[in-house]
Amino acid sequence: MLDKTFTFAYNKGGNITAKREYAYTTGTPSVLLNEYEYGYENTYSDLLTYLKINGVQQDLFYDQMAHPLEHNGNPLSWAMGKLATYGTTAFNYSYDNTRLYKGTDYETVL
């Protein structure tokens, strides 16, 4: 993130609505490199419904408990409020929410 200048915008609810990345400057930014736009369910909601990067929009979807259903093209599933699967990776947790297992059919990482 060196040699870059960032500007940010927020809504009345305090949520970020825009981030702009510029070539580094100590003056007024003018050379826009990347632009991010964040959309929410409503002004005072924290539920992010879309992310737009350089004009390309990615809609975000949630289950009834507001858990995201997908991340970077990988499906997510939830059990008892905890992430159960991310794509082909499964997770298991102990009674005190310590992750006991992360793995696929091919590997296990504790």
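What we have here is a predicted model, where local features need pLDDT of at least 70, side-chain atom pairs count only at pLDDT 80 or more, and totals for chains, interfaces and linings use all residues. Residues are numbered from 1 along each chain as its sequence is written, and side-chain values use heavy atoms, with hydrogens and water left out.

So, the overall picture. The protein chain has 11 strands and 0 helices; both are DSSP runs numbered from the N terminus, helices being H or I with at least four residues and strands E with at least two. The radius of gyration is 19 Å, well over the 13 Å that the globule rule gives for 110 residues, so the chain is more spread out than a compact globule. For the record, that radius is taken over C-alpha atoms, and the rule is 2.2 Å times the number of residues to the power 0.38. Along the principal axes, the C-alpha atoms fill a box of roughly 50 × 30 × 25 Å.

Now zoom in on E7, residues 74-79. On one side, E7 pairs with E6 (residues 70-71) in the antiparallel sense over 2 bridges; pairing needs at least two bridges found by DSSP. Glu70 has Pro75 as its bridge partner there. The hairpin has 2 residues between the strands, and Asn72 takes a positive phi near 50°.

E7 also pairs with E8, residues 82-86, antiparallel again, over 4 bridges.
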